[in-house]
Amino acid sequence: MTNPTPNTTLRVIPLGGLGEIGRNMMLFEYGDDIIVVDVGLMFPEEEMLGVDLVIPDFSYLQANVEKLRGVFLTHGHEDHVGALPYFCRDFSAPIYGTRLTQGLVRVKLQEHKLPLEPLHEVQPGETVKAGAFEVEFFPVAHSIPDACGLIIRTPLGTLVHTGDFKLDHTPVMDQHTDLTRLGQIGGEGCLLLLADSTYAEVEGHTPSEQLVGDALRNIMVNAEGRVIVATFASLISRAQQVVDAAVFTGRKVFVTGRSMIDNVAMARQLGYLDAPEGTIVGVDEMKKTPPSRLAIITTGSQGEPTSALTRIANGTHRHITIAEGDTVVLSANAIPGNEQAVARNVDNLFRQGARVLYNRVENVHVRGHASQDELKIIQSILQPEYFVPIHGEYRHLVTHARLAERVGVPKGNAFVLTDGDVLEIDEEEARLAGRVEASYVYIDGLGIGDVDEYILRDRAHLSTDGVLVVIVAVDAQTGRLVRPAEVLSRGFVDSDENAALLDRAARVAEGALEGREHAAPAGEVNARLKDALSKFLYDETRRRPMVLPVTVEV
């Protein structure tokens with residue numbers, strides 16, 4: 001790995017969010033100073049069995065902790081702030097963000113019983129000095145209030161990090177992308193632009209959030225029973241749209257899902273969610289309200305196993321049971337990897353008699369990200385010398401880089417990075433300069449990073465062909481069997497119906513240990529048992545269960 005030359009080299013290091021959806025985290029390093037933009041999480045992909053969350057690898061930052069000057073948050077969605085509770089266990093740097101963003105982070109830190117002292121609230125337009133960097137927050141339109149991009153001034157020039165953004169001329173909560181400020185930066189000169197690539201493949205212009213508000217109002221006007229709207233807990237603007245539609249149609253609103261309840265309460269306290277007195281009701285009043293006069297906001301749009309909507313779909317929610325005439329609205333797109341879980345919930349809701357509306361059949365969600373026409377506008381306004389596409393899978397990054405070159409970025413100055421790549425910029429050029437560690441860190445229950453790719457491989461193995469356990473008791477002195485081998489099967493074959501096969505497997509295990517004149521190390525015994533049984537079971541069944549030998553010396 002190349003070390004930076006003090007006071008001459010700027011290093012751009014993504015630790016997450018490039019080549020994937022989620023886990024957004026970017027480092028900027030100049031001399032003895034590092035700043036961090038966003039610390040997000042990623043929902044586990046289908047093959048990550050048993051994993052709850054995926055967060056960035058902080059090891060490079062831990063090795064350079066004395067350089068850390070601050071963390072700057074673009075907005076409050078989970079894929080940008082969700083890993084902060086794990087980050088804050090190891091680092092105590094100041095964390096800067098706008099009011100609602102900090103409110104959402106505060107809820108998360110309190111849930112994890114972590115101190116709130118690192119949080120520093122800033123206003124759009126405010127500038128924070130952090131070592132060699134000066135960071136200015138500018139407002140952007142996104143699917144959450146108080147979203148910002150960052151103008152980062154360095155000794156080499158000015159960088160612009162858009163965060164998640166789009167150009168919405170009729171936003172729900174009147175927050176526009178500040179093109180005037182970006183035009184001023186373009187006039188001064190932009191060294192590097194880092195721009196959202198999530199929908200770089202999509203031609204045209206992203207529709208306005210106003211479409212969703214109109215759709216929700218029409219749904220509530222025409223629905224005979226309750227209207228249950230599932231969305232992300234941090235999507236405060238969508239919660240506002242539900243409340244507005246409910247007020248228009250004379251409905252009360254009930255909120256369910258722990259994170260949704262916490263975030264709605266916080267947003268109302270800070271003034272980001274406007275609900276007339278008596279609109280949002282508790283459990284008792286909810287149960288007394290006629291179905292035609294009730295709307296419900298819930299978590300679970302991604303099919304999360306413990307979410308409120310999943311419990312509703314499974315019939316296990318404490319207070320809500322689907323009835324004929326209910327309408328369920330999934331006001332979110334499925335994150336890649338969650339499609340099956342979402343589809344399972346939709347099927348279960350249909351089975352219980354609900355009418356289910358989702359984006360394929362109704363305009364109940366619009367993207368919070370810029371499409372190609374908007375990306376071209378940003379490029380044209382800023383005219384950066386260098387460009388790095390961020391926030392997206394690899395095909396999105398490549399498509400965005402090619403788009404940037406068509407709009408005016410010099411050929412070869414658009415860099416498609418992946419997590420861990422190091423881009424170095426000096427007064428002469430920009431170049432790739434090695435890699436740092438940026439692997440997945442898995443959260444499984446209370447464990448942080450104690451699950452690795454080998455454990456996931458074993459879980460996948462167990463999930464496909466099951467496990468066979470062979471227990472042998474051997475004499476500690478001679479190594480000979482002192483009683484017949486025992487074989488147990490889980491997820492491989494039925495023990496009762498295949499008793500003969502398991503008996504033969506036990507005999508194979510005993511045969512693998514015959515002919516020895518002295519005791520052998522347990523590792524050697526286990527290897528012989530595993531080899532013999534694996535071959536026998538594949539020959540007999542064409543399956544490859546995980547074989548776990550257990551050797552007991554007596």
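The model is predicted: local features need pLDDT of at least 70, side-chain atom pairs count only at pLDDT 80 or more, and totals for chains, interfaces and linings use all residues. Residues are numbered from 1 along each chain as its sequence is written, and side-chain values use heavy atoms, with hydrogens and water left out.

**Exercise 1.** Classify the ring pair Phe 87 and Phe 91, then the ring pair Tyr 386 and Phe 415.

*Solution.* 
- Step 1: Rings of Phe, Tyr and Trp (its six-membered ring) pair if their centres lie within 6.5 Å; planes under 30 degrees apart count as stacked, over 60 as edge-to-face and the rest as tilted. The whole structure holds six aromatic pairs.
- Step 2: For Phe 87 and Phe 91 the centres are 4.6 Å apart and the planes stand at 25°, so this pair is stacked.
- Step 3: Phe 87 is buried, at 0% relative accessible area, and Phe 91 is buried, at 5%. Ring pairs join Phe 58, Phe 87 and Phe 91 in a cluster.
- Step 4: For Tyr 386 and Phe 415 the centres are 6.4 Å apart and the planes stand at 50°, so this pair is tilted.
- Step 5: Tyr 386 lies in strand β19 (residues 386–390) and Phe 415 in the loop between α13 and β20 (421–425), so the pair links parts of the chain 29 residues apart.
- Step 6: Tyr 386 is buried at 5% relative accessibility, as is Phe 415 at 12%.

**Exercise 2.** Identify the ring over whose face Arg 217 lies, and do likewise for Arg 544.

*Solution.* 
- Step 1: The criterion is NZ of Lys or CZ of Arg within 6 Å of the ring centre and within 35 degrees of the ring normal.
- Step 2: Arg 217 is over Phe 248, at 4.8 Å from the ring centre.
- Step 3: Arg 544 is over Tyr 538, at 4.0 Å from the ring centre.

Terms used: Buried means under 20% relative accessible area, exposed over 50%, partly exposed in between (1.4 Å probe, protein chains only). Helices (H or I, at least four residues) and strands (E, at least two) are DSSP runs, numbered from the N terminus.
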